[in-house]
Amino acid sequence: MTATPRLAMTDVVKTFGPVRALDTVSLEVGANEVHGLLGGNGAGKTTLMNVLFGLYKADSGTVLIDGKAAVINSPKDAIALGVGMVHQTFLQVDTYTVTENIVLGTALEGGSHSNGLRAARERIVELSERFGLEVDPDAVVEDLPVGVRQRVEILKALFRGAQVLILDEPTTNLTPQEVDALFASLRAMVKEGMSIILITHKIRETLAVCDKMTVMRDGARVQTLDRAETDAEHLAAVMVGESHGSYETAAPSTAVALGATAEGATHKQVVHGDFAPAIRIESVTVRNDHGVDLIHGFDLTVGEGEIVGFAGVAGNGQVELAEALTGVRPLLSGSITVQGTDLTRAQTSHWLSAGVAYVPEDRHRDGILPKAGITENLILGSHRGRSARRAGLIDWKAARERASVAIDKFSIRANSPATRAGDLSGGNIQRVILARAFAHEPRLLILHNPTRGLDIGSTRFVYEQIREAADSGCAIVVISEDLDEVIAISDRVIALYQGGQAGEWPSTEVDPYEVGRRMTGLSTSRTGGAA
Amino acid sequence: MSTMQKSETGPGGSPPVAKPEARGPGILTNIAWTVVPYVASVVLAFFLGGLLIQLMGYNAVDALRAVLTSSFDTSFGMVETLHKWVPIVLCAYAFAIPLATGKFNIGAEGQMLLGATGGAAVGITFSDLPMVVLLPATLVAGVLAGALWAGIAALLLVRFRVNEILSTVLLNFVSFKLIDWVATRVWPDAGAGHPATTPVGDGARLPLLGSAPAMHSGVLLVLALAIFIAVAMRFTPTGFEMRAVGDNLRASMVNGVRTSRLAGAGLVIGGGLGGLAGAIDVAGVHGRMLEGMQSNFLILGIIVGLMARGSMLALPVVAFGIAVLEYGAGTMQLVSAVPVEMVLVIEALILLLLLLSDLVRDRLRSAR
Amino acid sequence: MSEFLVLVVPMWVVFTLAAQGTILSGRTGVFNVTQEGVMALGASVGFLVSYKMGSNLVGLLIAFLVGALVGLVLAYMTTQLRLDQFVVGLALFFATTGAAGLLYRQVIGVTMTPPRVDTLPKFEIPLLGDLPLIGDALFVQDYVFYFAVILSLVMFWFLQHTSAGLDFRSVGENPKAADSLGINVTWARTWSTVVGTGLVAVGGAYIPLPFTGIYTDGMIAGRGWLVIALAFLGGWRPLYVVAGAAFFAAMDVLGQKAQVLGLGIPHQFIEMLPFVATLLVMVFALRWARQPAHLGMNYDRESRLVG
């Protein structure tokens with residue numbers, strides 16, 4: 001490394017309440033360098049970059065830019081110091097042109113507004129040609145595809161004179177061609193002396209474009225590697241935690257620990273063919289909120305009593321898959337049959353009465369009525385069912401009694417069934433949602449990140465409930481970003497990558513490294529797993 | 001565009017809940033957290049109103065005493081108060097029921113006038129029919145006319161996505177002209193000295209209870225209706241769905257509630273209740289449809305609807321409180337010469353302070 | 001025809017002032033629904049000050065200040081306290097409606113013959129004022145008319161042709177994006193609501209000034225709500241609002257004159273026209289009328305990180 005690096009962050013600490021999100025993290029990035037920042041969910045990559053961009057204030061630690069101490073209290077300070085950031089969600093005014101979006105908030109030069117815009121437009125054209133960021137400066141951004149809007153976001157930073165450019169998971173919604181073009185642009189930028197920090201989880205892309213890479217895990221830096229010194233296998237191993245010793249001892253996650261201690265030993269060891277099919281999904285296509293057909297031609301059969309786990313990094317179609325399997329998101333094409341009933345075009349309520357239950361990822365937004373009591377929350381969805389009513393009216397007395405039973409059975413910590421759901425803690429809210437799902441006597445249960453943010457006791461409880469339901473014949477789909485969790489509880493593990501199935505293994509033959517490789521987009525395999 | 005960050009919900013996105021699982025507050029504590037800020041807001045609003053009255057050069061104590069007590073001083077006052085309570089509570093339902101589904105019905109006065117017109121039309125046209133037939137027909141016609149009028153807004157909303165706030169408001173002004181035409185051209189009463197229809201048949205009049213002062217039986221009808229609505233909102237699946245949608249639209253949808261259909265239904269039901277207010281005032285108070293009978297019941301209904309904070313049980317009680325103030329306003333003007341508008345200002349103050357009290361309460365709660 | 005235009009132009013001034021005030025704050029995302037009350041308050045205050053001070057100009061200025069004060073309350077409660085814009089707006093509508101009548105009753109009391117203020121003098125623009133048909137209507141007018149014309153042009157220029165206007169509009173389209181680029185969302189929303197609500201009040205205060213010189217309760221008669229509809233139909237653009245205001249004013253005058261027109265249909269049905277026409281136009285307007293993407297939505301900076 002030559003003299004002073006472009007950027008040096010030293011011993012950065014950031015806590016959120018009792019949680020230490022960044023634990024004395026250091027990072028050095030030189031000029032002419034694309035630096036990959038790798039890690040799983042919650043590793044602290046984005047938090048670290050939010051500190052650099054002034055969105056978070058660090059508790060301690062220093063930031064040097066070109067050797068000088070930098071005080072960054074807001075994005076404005078960061079921009080003034082030549083730091084630019086491209087977020088995952090673009091902050092653009094849909095109705096403005098590309099040029100208008102780029103100049104927004106800057107003081108235009110050239111006397112009049114129209115002269116200033118004209119001068120800015122020329123500079124944008126010049127920048128976009130120089131770095132291969134092809135874009136029509138007069139197009140209205142709402143008409144542009146995601147890839148082009150991303151270029152606008154990069155140009156926004158360049159227009160403000162960014163020398164350090166942060167990109168947060170930039171390839172998530174891009175086509176392979178767009179990814180190639182983006183990487184070519186990044187190389188062109190670093191050639192001119194810029195520094196680029198690429199937040200990512202995709203190993204192959206990292207290797208394709210980065211000069212150096214820093215791997216983070218649990219809020220700490222694990223290792224910084226040179227592109228020349230590493231390969232995919234090595235990087236995957238560092239990401240999963242091999243460098244700290246064996247897999248189990250290095251990451252004694254609750255899932256693995258519980259999987260080994262709870263029912264893991266006695267849990268049925270079965271192979272796919274043993275189950276009678278409960279749900280058939282045939283060539284299903286689903287559109288995401290950005291208008292992309294993220295899930296395309298998806299086939300899946302889940303058997304009665306089978307637990308199928310989808311492992312993957314967020315943003316690879318998890319939400320879309322979960323909502324398609326529960327009748328919440330309409331299918332563009334394909335069909336879904338549950339227990340012989342075709343539910344492809346059915347109302348959500350029909351899915352519920354057909355025995356489909358959903359434990360959504362976003363508990364607060366999709367899961368509960370915050371101002372209503374536990375009783376109301378438990379009956380929601382089955383309130384039109386015959387068992388909930390007496391003489392046409394909802395039988396609240398019976399509902400309250402059932403709620404009391406559920407509070408006991410699911411160990412929900414609340415004073416009474418009347419306690420408002422919004423006053424409960426995250427773990428107890430999840431118990432309420434689980435209680436509701438199981439009260440429907442589900443034939444198919446879809447769980448999305450069922451234990452995120454829960455303590456060990458609650459996590460263990462969730463696993464026990466899932467197993468119990470499976471033993472009674474319910475088909476279960478667990479979609480989780482916690483690989484250990486998926487491996488610990490599933491009969492069959494499927495790696496989800498960009499909306500597709502990147503590999504499938506029966507629980508007896510799962511190799512976590514192989515799953516990790518597949519879910520980060522690596523298709524070459526060391527051991528040649530099933531696919 | 002999704003507002004949630006999809007991939008990385010690290011400590012920044014949603015801090016993991018690490019606080020010890022505190023036991024939820026008890027029912028009594030919950031009630032205290034609701035009642036205390038409420039009472040404080042009302043008291044403070046009266047204090048500010050009193051200050052204003054004093055500053056304007058009147059005797060605040062006398063004025064406020066007149067506002068608060070004249071309903072209870074005489075039985076005549078109580079009957080008048082209850083007669084005011086009927087349209088206020090019905091217009092409040094007309095606002096609050098659509099609001100439960102997240103829609104704003106600002107058209108209760110138009111729906112009330114149409115209801116009055118529908119009721120008067122039946123009461124005049126079939127004036128010879130006996131009461132057992134004519135009275136129910138009059139009231140039902142009022143309900144249907146009000147529901148139909150609100151149905152225009154519901155149709156515009158569901159079919160053309162026209163903002164229901166504007167459509168319901170604009171329909172009010174259309175209704176003013178419509179009833180002016182009815183009162184001056186269709187069934188005009190030339191001797192009335194004010195645009196009004198001819199009287200409805202005796203069979204269309206609500207029976208009076210007691211004597212001098214007599215209360216019309218519509219009060220009891222609405223009381224029964226209030227109980228029915230509270231029960232229906234609590235015990236019917238549709239009532240439950242309305243409350244659920246108002247609480248969390250996404251969670252309701254995920255759990256199988258058809259949210260847009262519910263919104264249209266809420267408007268139509270609200271309109272029907274507004275229409276009933278008109279029909280009852282025709283059948284119980286005026287004996288005819290007359291211009292200006294909507295008074296300021298729209299505004300009062302909205303105030304009550306907002307003050308009840310979504311509780312169908314609290315709504316009739318709040319409406320009674322407002323009816324007391326409204327009756328007292330007239331006495332206040334007589335006794336203290338304070339203009340009646342003062343009461344509207346106080347009511348608006350209560351509403352604003354209630355909104356502010358939410359913030360204060362939340363801050364106090366989280367500081368505990 | 002010329003006579004009709006002479007009646008329409010003052011109504012055009014009323015609709016234009018109030019609607020420009022409405023779209024000014026709307027463009028930063030503050031959905032103001034206090035018009036019906038604020039116009040009444042403006043009319044009441046403007047009248048009373050004019051009456052007591054003998055100056056229409058002072059009356060209009062004080063009306064502006066009172067409206068601005070209401071706007072400040074609305075802005076503070078929605079931007080700082082983040083209370084629901086519509087509910088706060090309704091409460092302020094009630095309060096200002098009550099205050100309008102209260103003030104008039106307090107100052108004037110109940111009288112047999114209502115007091116009058118002087119109507120506004122008209123200025124003739126040389127030569128143009130002599131034009132046939134439109135000369136009297138457009139070039140022999142009072143200063144408020146000319147103010148409304150200039151205001152509309154200035155707003156158009158500001159919003160569409162300045163950098164500050166570009167920044168300003170972005171606050172209503174995507175406050176998060178604006179904030180991320182250093183644009184002060186709270187400040188933009190606050191000043192636009194203060195000035196905008198002041199203009200709404202001036203629109204109300206102007207109503208008695210061209211002809212009658214008299215204040216009466218209920219003289220706003222739904223025009224405040226029509227102003228909101230006008231803002232929507234005008235796509236929250238100053239020049240479209242100018243055109244739309246002419247349509248609304250024409251409908252308004254037609255309704256006022258319905259009784260003397262004698263068209264063979266009951267006059268009430270002509271009086272409905274402004275409202276029915278507005279409803280009908282709204283059905284079709286959605287195809288072309290845009291609105292600021294964050295109109296009516298409060299901005300919470302804290303949620304910045306999850307966006």
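This briefing describes salt bridges in the structure above.

The model is predicted: local features need pLDDT of at least 70, side-chain atom pairs count only at pLDDT 80 or more, and totals for chains, interfaces and linings use all residues. Residues are numbered from 1 along each chain as its sequence is written, chains are lettered from A in the order in which they are written, and side-chain values use heavy atoms, without hydrogens and water. Over all chains, the structure holds 33 salt bridges (a side-chain nitrogen of Lys or Arg within 4 Å of a carboxyl oxygen of Asp or Glu).

**Arg149(A) and Asp94(A)**
- These residues form a salt bridge whose closest N and O atoms are 2.9 Å apart.
- Arg149(A) lies in helix α5 (residues 146-159) and Asp94(A) in the loop between β6 (83-86) and α3 (98-103) of chain A, so the pair ties together parts 55 residues apart in sequence. Helices (H or I, at least four residues) and strands (E, at least two) are DSSP runs, numbered from the N terminus.
- Arg149(A) is buried at 12% relative accessibility, while Asp94(A) is partly exposed at 29%. Buried means under 20% relative accessible area, exposed over 50%, and partly exposed in between (1.4 Å probe, protein chains only).

**Arg65(B) and Asp62(B)**
- The side chains of Arg65(B) and Asp62(B) meet in a salt bridge at 3.8 Å, N to O.
- Both residues lie in helix α2 (residues 60-73) of chain B, 3 residues apart, and are separated by about one helical turn.
- Arg65(B) is partly exposed at 48%, as is Asp62(B) at 33%.

**Network**
- Glu323(A), Arg329(A), Asp362(A), Arg365(A), Asp366(A) and Arg250(B) are joined into one network by salt bridges that share partners.
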